[in-house]
Amino acid sequence: MQVPAPVDYERALSLDHAIELLERYGPDAKIIAGGHSLLPMMKLRLLQPEVLIDLNNVTDLGYIKVESNEMRIGALTRHSELLESPIVSEHFPIISEAERVIADPVVRNRGTVGGSLCQADPSEDLAAVFSALKASVVLRGSKGTRVVPVREFHSGPYSTVIDPGEILTEIRVSLSSPCGSAYKKVERRVGDWAIAAVGVVLRVSNSRADDVGIGLTAVGAEHYCAYEAEEFLVGKELSEETINECARIAAENCNPSADQRGPVDYKRHLVEVLTFRALGKAVARCKGGSQ
Amino acid sequence: MNIEVEVNGVGYSRDIEPRMLLVHFLRDEIGLTGTHWGCDTTNCGTCVVWMDEVPVKSCTVLAAMAAGHSVRTVEDLEQNGTLDPVQQGFMEMHGLQCGFCTPGMMMTARWLLDHNPDPSEMEIREAISGQICRCTGYENIVRAIRWAAEHSGEPADKAGEVMA
């Protein structure tokens, strides 16, 4: 039987209460939201917090709304809610396409968007998606609130810049930048982690790439980003040739590890093919192609 | 710690360890063994129950987290001696062999049909994609759920009374 080690449980009744509990218990406390990464890690004794602070009853942290020309996603929003949101499907096909291949529908009912980002799993789809979107996260603690770009939030595998006393409360995505986006993933079987995946966000003016975001999942890319490939494509005409070269640069500069999902050269090959396909799809969407 | 949970419309109060998982609470604390305990790793889906009207994998929810919330298990599908069309469908279309995955499959199927009364085969397959069956190859489970979709809302004598 796999069960977590003994742990204490505290239920947060509001965001302020959760922050107060975090202060009281210090670094031995963990926030639990969906719990679909935390509880499995606790079962395996990879984590043994002394106290769990349950955020699930702070229901005002679950929302998707538009404010100040941004889409704002509350940290407690479930994957299934993001997938069903009309705002998301209208503006961000990259998010819908990623959500459709995150775990399975029952897990998506429970897992949260904020939890996924804080987990910082190198294979986390949403980290690459929000990195491609150049989103920011809102962190709140007893000393105040700060807004951190997603590209500065993850400091390595399973680690973030969040302080022990802080809670991620919101994700913000600008509504003005993207005109086309896409997410392409290859996994061993339905619902599995990615062998590799690529998310692309494009803004085009006069058939040239004006703004480019490329996020890479599960291939050891720093901050889940393909910086060199982005830099290459900005200002370029979006021809098959430039897209091909951009994909090649993304594959060359990522840093995958060999594991049971495949060897390094295979993963690099996937990054190249998936970057090419995601860019192609995003370009088509910029031109008003099919969603 | 003491928790109060509503399960199938009945309130239960128990002293538990905070680390207790919801699946063990249901089976060992209140004796509802219809919910099965399978892989322990959020993969197999035989432990699916509803929490606040939404299917969840109860091996990955703490019982403490369910305190003050409502849970629905497979025992609640049959109402007043009449099987739910989903249960009847699994009988009619041979949707189970060993029966281990069945409670989770049926709870997900009931939720699907409540939200999409006429699902396509692909929609059914996607809905149960987080659940594993090692007997049927899923074919008969899909047929069972389709059967339920086609026989929902029929009078009890057609949709299936509990067999004596």
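This text walks through a predicted model, from the build of chain A to one helix of chain B and then the cysteines.

Start with chain A. Its 291 residues form a chain with twelve helices and 13 strands. Along the principal axes, the C-alpha trace spans about 60 × 45 × 30 Å. A compact globule with 291 residues would have a radius of gyration near 19 Å, and chain A has 19 Å, so the two agree. Buried residues account for 55% of the chain. Now take contacts in chain A between residues at least 6 apart in sequence: 61% of them join residues at least 24 apart.

Turn to helix 6 of chain B, residues 139–151. At 1.5 Å a residue, its 13 residues should span 18 Å. The end C-alpha atoms are 18 Å apart, which agrees. Its buried residues include Ile141(B), Val142(B), Ile145(B) and Trp147(B). Asn140(B) and His151(B) are also among them. Just after the helix, Gly153(B) takes a positive phi of about 80°.

Last, the cysteines. How many disulfides does the structure hold over all chains? It holds zero. A disulfide needs two cysteine sulfur atoms within 2.5 Å. The sulfur of Cys135(B) is 3.7 Å from its closest cysteine sulfur, in Cys98(B), so the pair is too far apart for a bond. Cys135(B) is partly exposed, with a relative accessible area of 31%. Cys246(A) is buried, at 0%. Its closest cysteine sulfur, in Cys225(A), lies 12 Å from its own, again too far for a bond.

How values were computed
Residues numbered from 1 in each chain as written. Chains lettered and ligands numbered in written order. Predicted model: local features only at pLDDT ≥ 70, side-chain atom pairs only at ≥ 80, totals over all residues. Heavy atoms only, no water. Buried < 20%, exposed > 50% of the residue type's maximum accessible area, 1.4 Å probe, protein only. Helix = DSSP H or I, 4+ residues; strand = E, 2+ residues; numbered from the N terminus. Expected span 1.5 Å × (residues − 1). Rg over C-alpha atoms; globule rule 2.2 N^0.38 Å. Contact = heavy atoms within 4.5 Å.
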